[in-house]
Number of protein chains: 2
Amino acid sequence: MTKPTIPADLEQWLSANDQRIHDELFEFLRIPSVSARSEHNGDMRAAADWLRGKLTAIGFTAETIPTAGHPVVLAEWKKAPAGAPTVLVYGHYDVQPPEPLELWTSPAFEPTIRDGKLFARGSVDDKGQLWIHVKALEAHLATRGTLPCNIIVLAEGEEEVGSENLEPFIRQHAQRLACDAVVISDSTMFAPGIPSILSSLRGLAYFQIDVTGPASDLHSGMYGGAVVNPGMALARILATFHDARGKVAIKGFYDAIKPFSAAVRKGMKKLPFSDVRFKKEIGVKSLGGEPGYTTLEKLWTRPTCEVNGLLSGYTGEGAKTVLPGKAMAKVSCRLVPGQSPAKIEKLMKAHVKKVAPPGVTVHVQHLHGGHPWRAELDGPIFDAARRALRAAFGKETVIVGEGGSIPVVGDFERILKVPVLLVGFGLPGENAHAPDEWISVANLRGGMRAMAALWDEYVKA
Amino acid sequence: MTKPTIPADLEQWLSANDQRIHDELFEFLRIPSVSARSEHNGDMRAAADWLRGKLTAIGFTAETIPTAGHPVVLAEWKKAPAGAPTVLVYGHYDVQPPEPLELWTSPAFEPTIRDGKLFARGSVDDKGQLWIHVKALEAHLATRGTLPCNIIVLAEGEEEVGSENLEPFIRQHAQRLACDAVVISDSTMFAPGIPSILSSLRGLAYFQIDVTGPASDLHSGMYGGAVVNPGMALARILATFHDARGKVAIKGFYDAIKPFSAAVRKGMKKLPFSDVRFKKEIGVKSLGGEPGYTTLEKLWTRPTCEVNGLLSGYTGEGAKTVLPGKAMAKVSCRLVPGQSPAKIEKLMKAHVKKVAPPGVTVHVQHLHGGHPWRAELDGPIFDAARRALRAAFGKETVIVGEGGSIPVVGDFERILKVPVLLVGFGLPGENAHAPDEWISVANLRGGMRAMAALWDEYVKA
């Protein structure tokens, strides 16, 4: 293995500015830009303004553009030589809610480095990975005064709540966003030191199920036994979503799936993956899910139906003998190619209607959805990425899938009609969406080097 | 029907003091004596002290006696003529938590009268009914300077959390509490204007079920499909508690039951009860529960298994794609004669152990229990109560059952070896344990008159 090398001027600049790069990222991470909670609307605007300022400072023309929800930060640098291609870099500046707060080792919005890991809400998802691109671009402009291709940076503020306003935004600004490729870093490497390109994402159909019974909470002694209990009714509905073996039992759920190719499944089976280590990492004694598939296949190629939240009746300290008037579940399905959120919504609603017991009213609301996605992996941006990743990490790139959803990937591909490169610098176990979210400091550094090298490699192609 | 009459002096005193009686009760109801929440410990002491003060003021020797939990208020008046019997009046000064606060029309701890109903947490359960006795006793002492029998008033502060410290208290103070009968008003009349004696109570076995999966909440995309979801596992466990027809499906659950007599069941069937009105009252379109029984039989004579609370994952606004690390249910069984909390705990634990899926850890905790109870209904205190109720309400008393639990009833009977009279002045639909709890102002007045008349009638027997 040869020592990894990226162009010397970029390497030198990134090394020399390492401390400042970290300090500025800490500033970004301290802004609690939680898109799901209206009380953070001010923080959302602050994060967008902060990012716009940084992009302006490095030489981009940047603005924040209002949407029906949180603003989009849009920045452009279009001074590349005539005939040079244009690349759109996408990221998001919003983060997941930090709760439960008591499970964080250090506060969610007070970035802290321990053992080579930078802990903070948004560190890996996605502020840290967006920062990788901003600083890679700055490396070029600061050292050379120019970039080898035109760049558009688009950072949205609604990725964690379904990116509802981004598709209309892309449609509305399609001409301005015209490009030759889209690059997104919002995913993970297969393992430390193994650079990875992501070839598929699962889609999402996220529901809230509300079961309403008596007009108010009742005394469980005085009324219990004659009234349908909404909490029990909800449990019985949820229990019908899977069969005893772990397959989703919603009629038609698997029907439209277009399976992954034998070649891709074979590649996945070759990846060094240990169920034992996976179980240890997440702290469980045994795994579950749909029978007949490996863990990676379950995570990357098969759909799911999961409870995300449950709430009913009395949940505090001690015992309250209440027959709850209502019960709520948040339930979401991860989708794979062939499935669509709209179709799954229909199937889910039909299923719940069929199994809902009399005596309660059941309402299923589709909170948001995203299409699954699968890449072709051919063309100059993919080739350039493989070379840049090898230069920065010193290893060949592997092709991976991912179980998460980035709904906008399909939107970019469909509306702008260009390939989308997903190259991520997270790592398994980094607690995205959970307490103690972190990003590897080594990956922050390696990612910046790879993404700085990418622009040179791309125009060589 | 003759016009109801109680002794003129008592009637006159109660009428003349009506406003003060109400004002003082309002003071009592304003103290948020929520026994389940440690942050209300100060309010619990305040409520006990307030009650002790009122009992002292009317002529009793009263004290608050510490327990391992909340204090007991114990008051005595023992100056009755030689040979007069002694009666222990029991009530409780603690109340249920008021949540959900937003469903109260007027604040839970700001008593308000609307349409002849006094709304407040604790109005009917049990401060208002305890107050009926205090003022009935005051009517005697204020008008006559004496009572026809000796009276012990015992008010505990842990009825809503299982009365765990009361049984030891009764055992420890059995000599001091020695009496000829116990009278308790913590139940309801069958319907407005129909005075009622309660002949049976269901017992209780209250559990918390905790399902633990991954060590922390996980991203539902990155991990969903390969990990057993604690929320879904909990739902599947809860769904096994009943069969498709609504019978409890926990093995052995019904085995030890000693059925109610045919005579009692026949009496219940004669009571004027309307399923249509019951459904309207609680706001549901259809009823549920164990097949083969009338609604009153289900409520009074059959055991249940109910969800009292559910909590898992993300329950806030919007959509958070989390695979929760844990899920919790509060589940309680109402018990009928023959069943015991200890036996049901064993059956519940065995059942959950059998159905719990691999991949999660399931812990069942028995939070508290109470024995079911059934009265014989013979003897002087019951005869006296029938006469006093007729004098105050002008109607014959009916014998009813109740679905709720007052665990201490069995304790009194067993330890003090005396009959327990349960005579209640609540009404169906009064929202005990729910928002907008109320007591009928007419029943407050009627109850005071009946309980004032009770002491004269008792010594006549």
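Strands here are DSSP runs of E with at least two residues, helices are runs of H or I with at least four, and both are numbered from the N terminus.

Before going on, note that this is a predicted model: local features need pLDDT of at least 70, side-chain atom pairs count only at pLDDT 80 or more, and totals for chains, interfaces and linings use all residues. Residues are numbered from 1 along each chain as its sequence is written, while chains are lettered from A and ligands numbered from 1 in the order in which they are written.

**Stop 1**

Pairing requires at least two DSSP bridges between two strands.

Pick L204(A) here; R334(A) of strand 13 stands opposite.

Buried means 20 or more other C-beta atoms within 10 Å of the residue's own, with C-beta atoms placed from the backbone; 12 or fewer is exposed, and in between is partly exposed.

**Stop 2: helix 14 of chain A**

Select residues 441–460 of chain A. This is helix 14, with 20 residues, reaching 29 Å from first C-alpha to last, close to the expected 28 Å. The expected span is 1.5 Å times one less than the number of residues.

Center on L454(A). Helix 14 of chain A bends there by about 30°. The bend is the angle between axes fitted to the seven residues ending at a residue and the seven starting there. Of the 20 residues in this helix, 14 are buried, so it too is largely enclosed by the rest of the structure.

**Stop 3: where the chains meet**

Show both chains. Contact means C-beta atoms, placed from the backbone, within 7 Å. By that test, 81 residues of chain B touch 82 residues of chain A. Strand 11 of chain B gives the most to its side, with 8 residues.

Select strand 11 (residues 306–313) in chain A and strand 11 in chain B. They run antiparallel, joined by 5 bridges. L311(A) stands opposite L311(B).

Notes:
Two residues are in contact if their C-beta atoms, placed from the backbone, lie within 7 Å.
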